Amino acid sequence: MVVVLKPNTSIEEREELISEIEAMGVKVQITQGTGTSILGLVGDTTNVDKYRIASKEIVSNILQVQEPFKKANKMFKPNDTIIDVKGRKIGQGYFTVITGPCSVESEEQIEGIAQAVKENGASLLRGGAYKPRFSPYTFQGLGLEGLDYLKHASQITGLPIVSEITDVQMLDRFVQDVDIIQVGARNMQNFVLLRELGKVNKPILLKRGFSATIEEWLMSAEYILSEGNEEVILCERGIRTFETYTRNTLDISAIPAIKRLSHLPVILDPSHATGKSWMVEAMSKAAVVVGADGVIIEVHNNPASALCDGPQSITPKQFEKLMAKLKTLIEIEGKILN
Ligand code: PEP
Ligand code: MN
């Protein structure tokens, strides 16, 4: 439920109403617009007396939020969320390029890639230290050693870093070392992990699960938001369909759908969506024009010898060409590449 207050309502009047509403057993989230305040009621609203609230002089309108996601809902927060990561802004008006290898493989590898992508306009550096692989016999990531290398690459280049968490026990270390914590497709419904991520003060990149609907994906974001962490970035990375030509099927329409339903930033992952390096450029360009807030692209110095996801990784040289094209499109869309 959303309660829209009349313009010029005083803070005292607003606070009095909030206390009255909270006494009905829900939490109230305030969004301050220009002139008016919007009160979002979170929790079980069955005991909320809508008519009593509507009768107040300061109330202009009451809207019933039909969707199960509340804090992620655009009705609760009409102004889009912009997340600041060490001066790089993610969200409305900005286009963010996160790039780097699927996995950190060595100190030289991550530092070399970091330097190359920085020169070509990358905003943030990605690199997996813990890899949730389909087979237990394949490379599982360098673990803490990988995180150390990633951190060092960040110190050298100044690029903030993104890395995937796979185990809630690693949370303190991730909060300390990483600038954005990634939740992979396989953990999108790890609700215990999501709740814990909701208690930290660190942006979360939440990838869409293979078979998750848009609503299920937003409900996973809701797990994080409901615990207090309001910095969630969504990532469309392709879904499972009957098609096998591509690794996944990119649900490009999920981008405008999220933009309509939610205030959260949404980026696109053309690498995992297609599984093919030669498709990355086309899908990245599509990301800009459909209104995504950014892309996350896998770049590897030598894709043929990559320990993970080589076939979908582009080289630093290909990244350079891609960025030249993206810059033109970003400008046409009137956005700022940060
Ligand atoms: C990744 O980013 O390397 C990754 C494993 O992605 P996803 O969770 O989307 O498969
Ligand atoms: Mn990968």
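# Notebook: a predicted model with a manganese site

I started at a hairpin: E5 and E6 form it with two residues between them, and lysine 86 in the turn has a positive phi of about 45°. This is a predicted model, in which local features need pLDDT of at least 70, side-chain atom pairs count only at pLDDT 80 or more, and totals for chains, interfaces and linings use all residues; side-chain values use heavy atoms, with hydrogens and water left out. Residues are numbered from 1 along each chain as its sequence is written, while chains are lettered from A and ligands numbered from 1 in the order in which they are written.

**Entry 1. The hairpin strands**

I noted the naming: helices (H or I, at least four residues) and strands (E, at least two) are DSSP runs, numbered from the N terminus. Two strands pair if DSSP finds at least two bridges between them. Strand E5 covers residues 82-85 and strand E6 residues 88-91, and they pair in the antiparallel sense over four bridges. I picked one bridge: aspartate 84 has lysine 89 in E6 as its partner.

**Entry 2. The four-stranded sheet**

Next I looked up an open sheet of four strands. Its order is E2-E3-E1-E4, and the pairing is antiparallel. Strand E2 (27-32) and strand E4 (59-63) are the edge strands, each pairing on one side only. On average, neighbouring strands of this sheet are turned by 20° against each other, direction ignored. For that angle, axes are lines fitted to C-alpha atoms, for helices over the stretch in contact, and angles run from 0 to 180 degrees between N-to-C directions.

I then followed E2 to strand E3 (residues 37-42): six bridges join the two, which run antiparallel. Isoleucine 30 has leucine 39 in E3 as its bridge partner.

**Entry 3. A covered strand**

Which residues of strand E9 are buried on its two faces? I found Ile161 and Ser163 buried on one side, and Val162 and Glu164 buried on the other. Buried means under 20% relative accessible area, exposed over 50%, and partly exposed in between (1.4 Å probe, protein chains only). E9 spans residues 161-164. Two bridges join strand E8 (residues 124-126) to E9, and these strands run parallel. Arginine 126 has valine 162 in E9 as its bridge partner.

I checked valine 162 by number. Its relative accessibility is 1%, so valine 162 counts as buried. Valine 162 and glutamine 115 are 47 residues apart in sequence and 16 Å apart in space, C-alpha to C-alpha.

**Entry 4. The manganese ion**

Which residues coordinate the manganese ion (ligand 2)? I listed Cys102 (SG), His272 (NE2), Glu298 (OE) and Asp309 (OD), at 2.0 to 2.4 Å. Donors are N, O and S atoms within 2.8 Å of the metal (3.2 Å for Na, K and Ca); water is not among the atoms, so sites may look incomplete. Along the chain the donors follow the spacing C-x169-H-x25-E-x10-D. Glutamate 298 lies in strand E14 (residues 294-298) and aspartate 309 in the loop between E14 and helix H11 (316-332), so the pair ties together parts that are 11 residues apart in sequence.

Glutamate 298 and aspartate 309 are buried. For aspartate 309 the relative accessibility is 15%. Phi of aspartate 309 is near 60°, a positive value in a residue other than glycine.

**Entry 5. The largest pocket**

How much space lies in the largest pocket? I read about 270 Å³. Of the 20 residues that line this pocket, the closest to its centre are Pro132, Arg186, Arg247, His272 and Asp309. The search used a 1 Å grid over the protein atoms alone; a pocket is an open set of points with protein on both sides within 12 Å along at least five of seven lines, and lining residues have an atom within 4 Å of a point. Grid points are joined across faces, edges and corners, and the volume is the space filled by probe spheres set on the points.

By class, I found five nonpolar, five polar and 10 charged residues in the lining. Ala, Val, Leu, Ile, Met, Phe, Trp, Tyr, Cys and Pro count as nonpolar, Asp, Glu, Lys and Arg as charged, and the others, Gly among them, as polar.

**Entry 6. Loop residues**

I ended with two loop positions. Arginine 208 sits in the loop between strand E11 (204-207) and helix H7 (214-226). Arginine 208 is buried, at a relative accessible area of 4%.

Asparagine 8 is in the loop between strand E1 (2-5) and helix H1 (11-22). Asparagine 8 is exposed, with a relative accessible area of 74%. Its phi is near 70°, a positive value in a residue other than glycine.

Conventions: On a 1 Å grid over the protein atoms alone, a cavity is a set of points where a 1.4 Å probe fits but cannot get out, and a pocket is an open set with protein on both sides within 12 Å along at least five of seven lines; lining residues have an atom within 4 Å of a point.
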